[in-house]
Amino acid sequence: MISRRDLLKGTSFAAAAVGMAHPVLNWSADQDGASALPGKEGMILRSFRFLDLEMPTEFMNSWITPVPRFFVRNHMFEPSTLDAAEWRLSVGGEVEKPLTLSLADLQKIEAHSVTNTLECAGNGRAFLNPNVPGVQWQRGAVGNARFSGPRLRDLLERAGVKTTGKHVMFHGLDDVPGKVPSFIRSIPIEKAIDGDTVVATHMNGAPLTKHHGFPARALVPGWIGAASCKWLSEVKVLDKEFEGNFMKPGYRMPNKPIEPGGSINPEETHPITVLNVKSVIASPNDGTTLKHSTVQVHGAAWAGEADVAKVEVSTDSGATWNLAQLGSEEAHYAWRLWNYSWKPAKAGDYVIMSRATDSQGRSQPQTAAWNPSGYLYNVIDQVKIRVQA
């Protein structure tokens, strides 16, 4: 049994009224200090009402992100109590035989593993101009982990999906404050029955921790993190897309480009699904001063349901580009580590940039597709450094 006191231990959390914004999102206060939360030391605390932790980019140096370094995104309070023996998952809706499964039942079903880069749709929001509300993520609301558990399609096959079943809804055990709408999302049936969509019970070979959805979560590979509902308690097959705050107006993009600072009609939007192609420079850090010697530039790149085809690096503010070397470890849906060795010609100030291209021919843009919620930011990454003589 895990209580919320465990969550609060070692970290100061303040209470505040929930603002009913459009869409309704968590009240947050950005903190740039390192978190002292047990098991998550060194992470960047972005919200202290509903726990949001960002990974510093210097930890983006391993293909599999260790759980203590994996970002945390919560829309509500984490469940106050979780008892694995009492937990149940219901599978219902447009099915012939509704199911109720215990954790032991899930563990009897053949498990499938998928290595997936999970990224919050708002990662990079802090860089938009003009600024938009929401958790001010910079680069580290992302991580790459190996998730395992039964395929969702195996559960749906046992329940017998009716021909009317078009979408699959996920509902978790988030502790919802006041009149805030529950965090509920749905995905099309085609993605639900994909062989790599799982009900994950393990992460990096160990049972899920509480911050990452214990005892089970949805894992929808290649899609935005919001699709992978944590603390899963209900899977419901619907005859249409779920209608709720976190499907509409939340987590949607304009059908057409809008001017920065403009507004949109929710009826002229579409739900966000797959992640964009993106790369991040993990080292050197922005603002670093280095000695005049060979500089190792490295980072990670990912592309949602596509594969990373190449990463290019510029050391002259984008005037010229050179291919980076991709790491040997790779898997569909997983990021690729990359590195580039560079010997500055002389001392001075430099702008280092990285640009990824995926197997569908998409490349990172020079400017952001601005939207009022700051979703899917994937502009060419850059850091400014100074090289000493």
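Start by selecting Arg 386 and Asp 349: they form a salt bridge, with the closest N and O atoms 2.6 Å apart. (A salt bridge here is a side-chain nitrogen of Lys or Arg within 4 Å of a carboxyl oxygen of Asp or Glu.) Arg 386 sits in strand E24 (residues 381–387) and Asp 349 in strand E23 (residues 348–358), so the pair ties together parts 37 residues apart in sequence. Strands (E, at least two residues) are DSSP runs, numbered from the N terminus.

Before moving on, note that this is a predicted model, where local features need pLDDT of at least 70 and side-chain atom pairs count only at pLDDT 80 or more, while totals for chains, interfaces and linings use all residues. Residues are numbered from 1 along each chain as its sequence is written, and side-chain values use heavy atoms, leaving out hydrogens and water.

Asp 349 is exposed at 56% relative accessibility, while Arg 386, at 46%, is partly exposed. (Buried means under 20% relative accessible area, exposed over 50%, partly exposed in between, with a 1.4 Å probe and protein chains only.)

Next, pick Glu 330 and Arg 336, whose side chains meet in a salt bridge at 3.3 Å, N to O. Is Arg 336 buried or exposed? Arg 336 is buried, at 11%, whereas Glu 330 is exposed, at 53%.

Last stop: Lys 248 and Glu 267, another salt bridge (3.0 Å, N to O). Lys 248 is in the loop between strands E13 (232–238) and E14 (252–254), and Glu 267 in the loop between E14 and strand E15 (269–271), 19 residues apart.

Conventions: Helices (H or I, at least four residues) and strands (E, at least two) are DSSP runs, numbered from the N terminus.
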